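Welcome, and please have the viewer open while you read. We will walk through sheet, cores, surface and charges in turn.

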Amino acid sequence: MNKIKLSKWWFKRLVILGLLVPGVILVTFEVKYWQRVYPGLAIAGTDVGGLTKKEAEVKLKKKTDSLKTLILGWGVNQWPLPLELIGLKYDLENSVGPAWDIGRRGKWIENLRQKFEAGKNGVRFDLKYEWDSEKVAAAIATVAAQIDLPAKEPEITLDKLSGQVLVTSGENGFSVNRVTLEKKMDKSIKTASQGRIEVPIVRLLPKLTSDEMAIIKDRGQKLVGKKLVLAAVEVEQNWEINDEQLLTWLGGRDGVWRRDKIANWVEQLAQTVDRSAQDASFRFVEPGRVEEFKPAKDGFNVKQAELVDKILGALERLEKSGQVADLIVEAEKTKPGTETAQVNDLGINELIGMGESWFSGSITNRIFNLRKSAEMLNGVLVAPGETFSFNERVGEVSADTGYK
């Protein structure tokens, strides 16, 4: 009986001891790292575990102060880039912040997990900084100007006298990958690395082989004397693309057509054809009566992607047979907000008000801008219940929209 009591006595004490020891260890750990970064944390490769915020900032400052210049390199060439020229400023306080927050900002069980993970595997953080993006772009452009070798695209032309297609091979080139270089610079600055940054290069390879030139010439010869005719019925316009233009759309390799060039041509065509829907607008000719002076018109927008596909199909047919390929330019129509037939339903029967402003003594640019904005507002019809917006009707006022 005494033996059983003794066993229970020891068991209780072992349980208490088992709970007490981890608690003592945890309390000792917290006391040791009170107002200090927990162990296992590093910023830009610098261990800051056990340091106060201020101590961590001082330690990091020694590292960042040692980084005065980035070295950009390509082959045997090197370009030193002083950090002050790109407006670089390290933010050490915010750099320490994320490491300081580990084990402190979550619930107690999450904090415990973070501290354990940091102590076991370590957690790494980058430095925070700011730089002047325009100065960075200018610095990269300066380096690129000394490296870039522009490629020369193959040229396909027609000798009108002989009727022969002429093909030049073009020349290969290379250029600095500016986006990747900026990312490399960003990484070096975040880690305060002293190593040389290799300038990434993109190879440009448009040059044709002699076999490819022969294939292009043969394809081009099949287009001589042929043409493509496009018609936009809604606007009563036609476009005729002759053999010289068609030759510029021939692809350099693999028997393909230059979709990018065709798309650019279609975009330019659309700019001359597209129009917004026009609402019916009115002017008062006498009290109680309005007169239509601008009828409603449907909007017209070329279906560019569809037209590009049509042209590609027509070119493939022309290359095989026929002299002329005809295409219809399809467009998406948009209806005006106010149709001409709706005017009698809007309840317009009197002049509500009128204002006048004299600006004869204003400077030339102001007079021009006033007249231009007045033209945008002249004849605008505000339907019952509609809210009139000056900014919406006039639009952006800047040099890009024709104002002075």
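Three strands make up an open sheet of mixed pairing, ordered S2-S1-S6. Strands here are DSSP E runs of at least two residues, while helices are H or I runs of at least four, and both are numbered from the N terminus. Two strands pair when DSSP finds at least two bridges between them. S2 and strand S6 (123-125) are at the edges with a single partner strand each, so one side of each has no neighbour in the sheet. S1 and S2 run antiparallel and are joined by two bridges; across them, Ile 43 stands opposite Thr 46 in S2.

A word on the model before going further: it is predicted, so local features need pLDDT of at least 70 and side-chain atom pairs count only at pLDDT 80 or more, whereas totals for chains, interfaces and linings use all residues. Residues are numbered from 1 along each chain as its sequence is written, and side-chain values use heavy atoms, with hydrogens and water left out.

**Around the sheet**

Thr 46 sits in strand S2. This threonine counts as buried because its relative accessibility is 11%; buried means under 20% relative accessible area, exposed over 50%, and partly exposed in between, using a 1.4 Å probe and protein chains only. Not counting residues up to four places away in sequence, Thr 46 touches Leu 41, Lys 59, Leu 60 and Lys 63. Contact means heavy atoms within 4.5 Å.

Two backbone angles deserve a look here. Most residues other than glycine have a negative phi. Ala 44, in the loop between S1 and strand S2 (46-47), has a positive phi of about 55° although it is not a glycine. Ala 44 is buried, with 6% relative accessibility. Gln 35, in the loop between helix H1 (2-32) and S1, also has a positive phi, near 60°. Gln 35 is partly exposed, at 44% relative accessibility.

**The nonpolar cores**

Which residues touch the most other members of the largest nonpolar core? They are Leu 41, Ile 43, Ile 86 and Met 185, in a core of 42 residues. Such a core is a set of buried Ala, Val, Leu, Ile, Met, Phe, Trp, Tyr and Cys residues joined through side-chain atoms within 4.5 Å. Elements that each supply at least two residues to this core include strand S1 (41-43), helix H2 (53-65), helix H5 (133-145) and helix H6 (178-191). H5 gives the most, with five residues. Apart from this core lies another, of 36 residues, including Ile 216, Leu 230, Leu 246 and Val 329.

**A nonpolar patch outside**

On the surface, Trp 108, Ile 109 and Leu 112 form a nonpolar patch with about 360 Å² of accessible area together. Patches are made of residues with over 30% relative accessible area and no salt bridge, with nonpolar side chains (Val, Leu, Ile, Met, Phe, Trp, Tyr) joined within 5 Å and like charges within 9 Å. The areas come from the Shrake-Rupley method with a 1.4 Å probe, and for residues only the protein chains shown count as cover. Leu 112 belongs to helix H4 (residues 108-121) and is partly exposed at 37% relative accessibility.

**Salt bridges**

How many salt bridges does the count come to? There are 16, each being a side-chain nitrogen of Lys or Arg within 4 Å of a carboxyl oxygen of Asp or Glu. Here are a few of them.

| Pair | Closest N and O atoms |
|---|---|
| Arg 178 and Asp 148 | 3.2 Å |
| Lys 222 and Asp 218 | 3.8 Å |
| Glu 319 and Arg 219 | 2.7 Å |

Glu 319 is in helix H10 (residues 304-320) and Arg 219 in helix H7 (residues 210-221), so their pair ties together parts 100 residues apart in sequence. Both Glu 319 and Arg 219 are buried. In contrast, Arg 178 is partly exposed at a relative accessible area of 37%, and Asp 148 is partly exposed at 24% relative accessibility. Lys 222 is partly exposed too, at 40%, as is Asp 218 at 43%. Finally, salt bridges that share partners join Glu 153, Arg 258 and Asp 260 into one network.
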